Amino acid sequence: MDELDILKKDWQKKGEELPKLSYNDIYKMIWKKSSSSVKWIFIISILEFLLPNLLFLIPSVRTHQLEIYYGNNSNYLLMWFTIFQYFVIFYFIFQFYKRYKEISVLDDAKTLMKNILRTRKTVKHYVIFSLSMIFLTTLLMAASVYFNPDMLSVFYKAEIPDGYTEAELRTILAIGFVIVGIIITSLIGLIYFLLYGLLIRKLNRNYRELKRMEI
Amino acid sequence: MSKDLEHVFVTELQNNQNIVHKVCSLYTNDRDAHNDLFQEITIQLWKAYPKFRGDSKFSTWMYRVALNTAITLYRKSKRKVNTQNYDSIIYKIKADEYDETQELQLKLMYTAVKQLGDIDKALVFLYLEDKNYTEISETLGISEVNARVKMNRIKNKLKTILNP
């Protein structure tokens, strides 16, 4: 008899040593709130969908951006760009919802993990998209400040401060935009990757383990 | 109607609670974590219960949900493996039933099984529960051949632990 069968014999006898919960104990449990990883993944993903959009609610970002966007008529392109952005965001939200609905605890372990990881991947693609959009927007702002002399008046309504030429100010502003863009993009990126890693560490490990068995 | 459903479900689960306790005892190391995982499995079972059609046995259906919860959905801090703790909780081996060598052997075996990865544990669990390879492969989503190969590897691993 091999080792595992000795264990099996013992295991089968375990019954009487296990805890016994009463009807009421179990009844109470079915009304408790779940703390499953899927639930957390859902909550965090929603936050990740909102986070980049919340940035535009910060007053200074909004006013400056809008003035640059719509302050001059030649920027219809930017308006279409915004519409395109929202179109893509809704596409991602729809995809995410579809994926989330596919997750079922009744699937086999591998399919369940695959579906959860696919849901996370949708969010990951969305975050990469938003981050590029945020960065691209700041680059566009930098470029428009640098190449369009009229733009300066948006930021300095009165007059140019002493000691600076107009060209110098434009360069400083443009560099400022690029730096702010890099900081915001990396900050959101960092938050995202921390959450991403923490949430699916165990899941990833187990999924890899199952995949490895197939080789 | 829904009161009936609750009643049937709780009764069924109460009668089959050993399965869930066994999963919990493999995947957790202390009583708090055990109860926590038990609760999460119960919630998942209850959430999935409307989809239980009765074309399989309640217990068969439970294995899948319980293991999926333990392997994939459970998200509580993983406590450190405390080898002194767990055998005093559930795996108290009755001294009068075994001679000392066998007792020690079993203790070593349980310790070894507890140290396996989540997936390996699931394989061992289903094997100990006397499930055949078809059921094991369907629960985990791997082929039967792979389940067999993996199981043999685990057996060898346990063998080396027992006979160094």
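A:Val88 is buried in this predicted model, at a relative accessible area of 12%; buried means under 20%, exposed over 50% and partly exposed in between, for a 1.4 Å probe and protein chains only. The residue belongs to helix 5 of chain A. Helices are DSSP runs of H or I with at least four residues, numbered from the N terminus. From A:Val88 to A:Phe193 the C-alpha to C-alpha distance is 21 Å, and the two are 105 residues apart in sequence. Residues are numbered from 1 along each chain as written, and chains are lettered from A in the order in which they are written. The model is predicted, with local features needing pLDDT of at least 70, side-chain atom pairs counting only at pLDDT 80 or more, and totals for chains, interfaces and linings using all residues, while side-chain values rest on heavy atoms, without hydrogens or water.

Helix 5 (76-102) also contributes to the largest pocket. The volume of this pocket is about 430 Å³. A pocket is an open set of points on a 1 Å grid over the protein atoms alone, with protein on both sides within 12 Å along at least five of seven lines; lining residues have an atom within 4 Å of a point. Points are joined across faces, edges and corners, and the volume is the space filled by probe spheres set on them. The lining of the largest pocket has 16 residues, of which A:Val38, A:Tyr100, A:Ile103, B:Gln44 and B:Lys47 are closest to its centre. Helix 3 and helix 5 of chain A and helix 3 (31-48) of chain B each give two or more residues. Helix 3 of chain B gives the most, with three. By class, eight lining residues are nonpolar, four polar and four charged. Ala, Val, Leu, Ile, Met, Phe, Trp, Tyr, Cys and Pro count as nonpolar, Asp, Glu, Lys and Arg as charged, and the others, Gly among them, as polar.

B:Gln44 is also touched by A:Ser36, as are B:Glu40 and B:Leu73, leaving aside residues up to four places away in sequence. Contact means heavy atoms within 4.5 Å. A:Ser36 sits in the loop between helix 2 (23-29) and helix 3 (37-54) of chain A. Its relative accessibility is 2%, so A:Ser36 counts as buried.

Two cavities of 30 Å³ or more occur in the whole structure. A cavity is a set of points where a 1.4 Å probe fits but cannot get out. The largest share, four residues, is from helix 6 of chain B.

Helix 1 of chain A buries A:Glu3, A:Leu4, A:Leu7, A:Lys8, A:Asp10 and A:Trp11. These residues fall within an arc of 165° down the helix axis, so they line one face. The arc is taken from the directions from the axis to the C-beta atoms. Their cover includes helix 2, helix 6, helix 7 and helix 9 of chain B.

Over all chains there are 25 aromatic pairs. Rings of Phe, Tyr and Trp (its six-membered ring) pair if their centres lie within 6.5 Å; planes under 30 degrees apart count as stacked, over 60 as edge-to-face and the rest as tilted. A:Tyr27 and A:Trp31 pair edge-to-face, at 6.4 Å centre to centre and 70° between the planes. A:Tyr27 is partly exposed, at 26% relative accessibility.
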